[in-house]
Structures are given as C-alpha cells and as structure tokens.
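Please read the points with the model open beside them.

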Amino acid sequence: MIPAVVYAIPAFVLLVAVEALSYRFLPDDDERGYELRDTVTSMSMGAGSQVIAVPWKVATIVVYAAAYTAAPWHLSPGSGWTWLLLFLGDDLAYYAYHRAHHRVRVLWASHVVHHSSLRFNLSTALRQTWTPMTGLPFWLPLALLGVPPWMILIEQAVSLVYQFFLHTERVDRLWRPVEWFFNTPSHHRVHHGSNDAYLDRNYGGILIVWDRLFGTFEPEGVRVVYGLTKNIGTYNPLRVAFHEYAAAWHDVRRARRWRDRAGYLFGPPGWAPGVKG
C-alpha cells in the first residue's frame, strides 16, 4: 500500500523550490532562508521516512483492522457526523502523540529528527523520523470507536499535508479568528523554537484550540531561535535519525540504579538524577 501523502510529494518539492527562489529574489534579513546542506539533509530524511512508511502502513492497517473488527459498533463513512468525529478525534490524537513525544525521552528520540534543523522553511517539514512505530497507539482508540481504518489513514494524510504549509517564515500572522482556532505558521514557529519561553509549546496539528484548553499555548513574541537546546552539528542522515537513541543508550548503560535507567528512558528530555525535566 502506498501512503496517501506520497501523492503530494511532487507538490511539496515544487513549493520548496518556489520558496527557496523567493529568498533569492526577495531576501529578508530577519529570516534565515535556505542552506544547501541543510535542505539536502531534510530531503534525505523525508525520502527515507517514505521508504519506511510503505511496509509500516501495512502493519498499521492490520492492527487498526483488528481493533475495528473488535469495536462494538461501526460508524458509517456516509455520515457527516463520522467525518466530524474523525477530524476532532484525529486532531486530539495528534496533540496527545505530539505532546508525549516531547515529554518522554524514548519517544523524543524518534521525534527529535524533526526539530534538528537550525532553519525553518518548507523543507523542514520533510525532515521526518525513520522510526514512526511510536505513533501507532495514539490513533488506535479511533479504530476501537468504530472508525474504518482507511478513514483514519486519510485523515492522518490530510493533517500532514496541512502541517507542511506551517513550516515557513514567509507568512506572518493571519486573520485573528484563524490564529485563535487553527495552527498557523506563527504558532508553529514557536513550536520549533529553542528559546526557554517556547519549549514544549503549541503541539497542535490542524487546530490550536487543544493547546489553549490544556495550557500549552504560547504566542509568537521574541524572535525564534530554531533548533535544539543542544544542537547536533551534523548533516549526516544516519546520525540525525538515530543520535538521540544512541545518547539515551549511553545514559542507560552508565546509570547504576534501575530507577535512573527508567528515568533516562521515560523521563523528559534532559532528565538526570536530581534534575527536573
């Protein structure tokens, strides 16, 4: 099975080229724009993630189908209420997935890939993990509620396509009602910031209302500094993909107590004995 988002890849690549050209002919000193090695790394991570996504989607469908079969009822794809439930359920699942992947180190090891660039442009959206397996449990409740698996996969693709357009500095704030309800480039720039005020904020996918409801919203204020609190200093795709797994394993091996080993894996990034994450 070919993941639905694959069909959007030619448009993604074209838009990356258009945005890169816009920086060449309409430069802005306040925006970082593109850098060739960074862009190639992002593209490489995106290509690798899609190669892995093909067999993984097959396994995902099998799991979702089993859960759907066990559901006490099956919701009709012909009902608009099913699609509305799916939209809200998918977006809430994404919020939970995203927040967990910032607050649990073994999950962060998968997601950190997406935050490893020092730049913020449309190519950054393509810098995706090569270990997508950690996301499966977060959408499983939708199948158990009776949502057909193919609908779940379509909505996931819609969300990913929407989020592609959030990765840009070329768009300032939008109309205030849009900024209040929806995730926008301004909100997502905050999410990619390594500034103390911006850490672990704005987890939303399509909607930003979950962040407002659960206290993780932060508006864009001071200039965003992109990247990690400790940047990795490499363009090697293999190191980008697995560096945090290696660091976590190193910490686990040198820990002397099982409590500390568990903390290094399941505590927040930056956790250490006696240090609050």
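This is a predicted model: local features need pLDDT of at least 70, side-chain atom pairs count only at pLDDT 80 or more; totals for chains, interfaces and linings use all residues.

1. Residues are numbered from 1 along each chain as its sequence is written, and side-chain values use heavy atoms, with hydrogens and water left out.

2. The unreviewed UniProt entry annotates residues 6–26, 47–68 and 80–97 as "transmembrane region"; such annotations may be inferred rather than shown by experiment. In the model, residues 6–26 are 81% helix and 0% strand, with end C-alpha atoms 30 Å apart, and residues 47–68 are 100% helix and 0% strand, with end C-alpha atoms 31 Å apart. Helices (H or I, at least four residues) and strands (E, at least two) are DSSP runs, numbered from the N terminus.

3. In helix α11 (residues 258–266), D260, G263 and Y264 are buried, meaning under 20% relative accessible area, with exposed being over 50% and partly exposed in between (1.4 Å probe, protein chains only). Seen down the axis of α11, these buried residues fall within an arc of 95°, so they line one face of the helix; the arc is that of the directions from the helix axis to the C-beta atoms. W258, R259 and F266 are exposed on the other side of α11, whereas the buried residues pack against α4 (105–111) and α10 (237–254), contact meaning heavy atoms within 4.5 Å.

4. The loop between α8 (185–191) and α9 (209–214) holds D200, and N202 also lies in the loop between α8 and α9. Although not a glycine, D200 has a positive phi of about 55°, and N202, likewise not a glycine, has a positive phi of about 60°. Most residues other than glycine have a negative phi. D200 is partly exposed, at a relative accessible area of 23%, while N202 is buried, at 0%.
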